[in-house]
Amino acid sequence: MTELRLVELSAATIVAVNALSLKPGQEAFIAPTSYAVAGAVVNPATSWQRVVLDGDAVVGFVSANFDEEADKDHFRSVLWRINVDADDQGRGIGRF
């Protein structure tokens, strides 16, 4: 593993994010990444979507929401999704 870093989701990375693979049997537990990306249009001012890169390779995706003014405390900071490519699971990417 080289140095992991986070970058904003962009037109340059979205295809690779949508191509992240799952291990057999994981499909039942997660909706396609494109659903999370589409969710950002609900409130783009508070959504936070980042791509995890290992060097130049897309190895993961993080979707969160930060809204200091949310009515309920538990919606002020929400981690909606962490996807790690099947081939990269177990390397500490989610912990990163």
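Student: What share of the contacts in the protein with a separation of 6 or more comes from residues 24 or more positions apart?

Tutor: A contact means heavy atoms within 4.5 Å. In this protein, residues 24 or more positions apart account for 55% of the contacts with a separation of 6 or more. Note the basis: this is a predicted model, where local features need pLDDT of at least 70, side-chain atom pairs count only at pLDDT 80 or more, and totals for chains, interfaces and linings use all residues. Residues are numbered from 1 along each chain as its sequence is written, and side-chain values use heavy atoms, with hydrogens and water left out.

Student: In what order do the elements of the protein run?

Tutor: Helices (H or I, at least four residues) and strands (E, at least two) are DSSP runs, numbered from the N terminus. Here the order is β-α-α-β-β-β. That comes to 2 helices and 4 strands.

Student: Which residues make up the largest nonpolar core?

Tutor: Burial comes into the term. Buried means under 20% relative accessible area, exposed over 50%, partly exposed in between (1.4 Å probe, protein chains only). A nonpolar core is a set of buried Ala, Val, Leu, Ile, Met, Phe, Trp, Tyr and Cys residues joined through side-chain atoms within 4.5 Å. The largest has 7 residues: Leu9, Val17, Leu20, Val51, Leu53, Val58 and Phe61. Strand 2 and strand 3 each give two or more residues to this core. A second, separate core has 6 residues, including Val52, Val59, Val62 and Val84.

Student: What does Val51 contact, leaving aside its neighbours within four places in sequence?

Tutor: Its partners include Leu9, Val17 and Val58, and also Arg5 and Thr13.

Student: Is Thr46 buried or exposed?

Tutor: Thr46 counts as buried because its relative accessible area is 12%. It lies in the loop between helix 2 (33-39) and strand 2 (47-54). Beyond its neighbours within four places in sequence, Thr46 contacts Ala64, Asn65, Phe66 and Asp67.

Student: Which side chain makes a polar contact with that of Thr46?

Tutor: A polar contact is a pair of N or O atoms within 3.5 Å; within protein, one must be able to donate a hydrogen and the other to accept it, and residues adjacent in sequence count only if both atoms are side-chain atoms. For Thr46, the partner is the side chain of Asn65 (2.8 Å).
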